[in-house]
Amino acid sequence: MSKTKDEHDIEIEDDTEASSPADATSDDTVHEGMADDMEGALPEFPSELPVLPVRDIVVFNYMILPLFVGREKSVQAVDAALNGSRYLMITTQKDESTEDPSPDDLHQTGTVVMIMRMLKMPDGRLKVLVQGISRAVINHFVTEEPYLIADVEAVLEPEVDHLTVEQEAMMRAAREQSERILSLRGVSTSDIMSVLNSVNDPGRLADLIAANLRMKVQEAQLILECTDPLERLQLVNNQLIKETEVAAMQAKIQNMAREGMDKAQKDYYLREQLKAIRRELGEGESADDDLEDLARLIEKAGLPKDVRKEADKQLRRLASMHPDASEATVVRTYLEWLSELPWKKLSRDRLDIPVAEDILNEDHYGLEKVKDRILEYLSVRKLNPKSKGPILCFSGPPGVGKTSLGRSIARALGRKFARVSLGGMRDEAEIRGHRRTYIGAMPGRIIQIIKQLGTRNPVIMLDEIDKLGSDFRGDPSSALLEVLDPEQNFSFSDHYLNVPFDLSKVMFICTANQLDTIPAPLRDRMEIIQIPGYTLQEKASIARRYLIPRQTEENGLTLEETQIPDSVVTKVIQQYTREAGLRNLERELGSVCRKLARKKAEGRKGPYKVTLKTLPKLLGIPRYLEEERDKELLPGVAMGLAWTPFGGEILHIEVTTMKGKGKLTLTGQLGDVMKESAQAALSYARAHADTLGIDPDFLDKLDIHIHVPAGATPKDGPSAGVTLVTALISALSGRPISNELCMTGEITLRGRVMPVGGIKEKILAGVTRRLKHVIIPKQNVKDLEDVPAELLKKITVHTAEHIDDLLPLVFADSKTKA
């Protein structure tokens, strides 16, 4: 029960503010008053009594407590009771903030009390000592002015003659819970328990305990309004259980705090003894030794002027702290980080261009653009040693060697290498570090790596930069803007260090599978280098030079023991893998080598040869089979080219017509862009029907159905435009298209053929299907530089700028001429 403020009607004195039976019986007056009243009969009182509203307390029977009365109406009610029968009706307000309560603001059930003593205070308030006499109910209010007077009726409780086993158990439980609460709070229980044990009536026991429990007003009012003694005792028991748990937890917390304090005092005493022993032995103070060591490390670190100023400031702070203070540990760790960072240490670059070129060629096959860019950087470094490190981003499908290329670049440069995986990173502090105010704060990953490598110019690969996340902890991609900007990263500020660190000498290499998910500001700071998928010939060469030797060594074989001809490698690439990179190819070759290793382990003699006939026994049936090429295409069928993350693909497009009224049906899981290309193709055919040799009214007589096979695979993109218009014209004119021809390009309503991407992969797909002719947009001629010459020898490339250029190539006697 808490005290009210001075302006309230009721204020409990400090010596009676209690929450347990011990406090209620802490003085002899209260003890005797309770005992005497328990033995006496219920006194008679008038039916009409002055009403005293109280704010934050519920008065129970047999309860003796002092009250401070301050409101005018309440003072008059007390004076009227003193001039009359000395009885008052005390009832609790429903809302304690109400200053002038009306009858509707009061609970109907309250307690009739007798004023035992009254004292007038100098400030005009009254201090009265009251004792609860009887639980009562207000029938109605007689008057509200000048104070509240109500017609009250005592609530008679049924007498309990004989206690049942259940009632006796409930009373014992209440006494035991009260005794436990008192013991947990360190209060002597003998006198109090003698009072509780002398009460044999359940209702009186419940009121006695409830009067001294800490409860909310609503809970206490609920107990007051309960007229059944056993039910009231049960409610009190529930409150005792709750109070026992709270008291036990308080005692536990106090014990833990006391134990922690005792341990700290013990540790301090032992440390002081240890210091005294060291002084006697002449060993000096360990704390002074630590400070001297830190000072020497800071001196050797070669810190910049501003950083040295901050380090000296923190060193002075540390010297003034107690060695065992928690703040001292934080400052000491910070100074260790500052002294261990390579502020002036640089790896010496290998500036021999031919040697670096040999290393790159030794580790990777192809990738000429990437190799040229690295050699250009080395050339610039050789001519201008102060040049800043480039920010490169290798973009390409999985398994093409982006990460391993970073290691080769570091080896070619003669620098140390580290890789940071950014996939799924959501916390900005991973990049910028935590502020030192947090427990367990550390610098960001960039600073940690530089410290581990011990050099200021390593090669750091930021892997999977397209898979960064963001949430309530910040946006790591925004934090990388400073890291990857050569105009800013010379003074990169980590939150933990809070001093600038020069990252301009670091060579950052990022990798990504897709550029679309990288924020535009971040993408703008990087030099994008596309690494497309490998061709069949490139995969075969890489397998022969790198993959097969590595797998034979890992599986305990030698190259002399394993005989895997090029025809077998080609079949593995074509029928057991379908990818732009090399991961699955290496897995399949590893599986072949493991089968051969088992033969060797079983004692069979080598060499172990793999043939086209034995390959299915080693790897199982082929997973991917090429579609048989039609000897002759029907009218309405054309072959297009598509790009996928695994390389190029042949895309068959089929168009058929039937009697109808111009309905266009599109099937094959086509995307929105591809559907729009089909609509554009239909519109072009209608607009130029006369020149194309098509019936101008075909849409009034025919329905058109366009289907792209492999319906389970979603398809989209603009590059099927020329294939759609060609297949549509073929179906409407009845002229077939050559089965040795494929095409790609976007169309417009005016008939222009627009450029598309993925030319290298698409031409590779045509060569793989043994097609002889391919039509590409004229503006894509520049992309032929990326196509290996060996591919261009196997297929004839035709260019088209307009549909008028395309049709003669497609429908020239149903055969395409070179």
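The notes below cover charged surface patches and cysteines.

This is a predicted model, in which local features need pLDDT of at least 70, side-chain atom pairs count only at pLDDT 80 or more, and totals for chains, interfaces and linings use all residues. Residues are numbered from 1 along each chain as its sequence is written, and side-chain values use heavy atoms, with hydrogens and water left out.

**Positive patch**
- K305, K309, K313 and R316 form a positive surface patch (like charges joined within 9 Å, each residue with over 30% relative accessible area and no salt bridge).
- A salt bridge here is a side-chain nitrogen of Lys or Arg within 4 Å of a carboxyl oxygen of Asp or Glu.
- Accessible areas come from the Shrake-Rupley method with a 1.4 Å probe.
- K305 belongs to helix α10, residues 305–319 (helices are DSSP runs of H or I, at least four residues).
- K305 counts as exposed because its relative accessibility is 75% (buried is under 20%, exposed over 50%, partly exposed in between).

**Negative patch**
- A surface patch of negative charge gathers D352, E357, D358, E368, D372 and E376.
- Two or more of its residues come from each of α12 (353–363) and α13 (368–383), and α13 gives the most, with three residues.
- D352 sits in the loop between α11 (326–340) and α12, and is partly exposed at 38% relative accessibility.

**Cysteines**
- The structure has zero disulfides (pairs of cysteine sulfur atoms within 2.5 Å).
- C393 is in no disulfide, and its nearest cysteine sulfur, that of C510, is 5.4 Å away.
- C393 is buried, at 0% relative accessibility.
- C742 is buried, with a relative accessible area of 0%.

Conventions. Patches are made of residues with over 30% relative accessible area and no salt bridge: like charges are joined within 9 Å, nonpolar side chains (Val, Leu, Ile, Met, Phe, Trp, Tyr) within 5 Å. Lys and Arg count as positive and Asp and Glu as negative; His and the chain ends are not counted. The place of a charge is taken as NZ of Lys, CZ of Arg, CG of Asp or CD of Glu. Buried means under 20% relative accessible area, exposed over 50%, partly exposed in between (1.4 Å probe, protein chains only).
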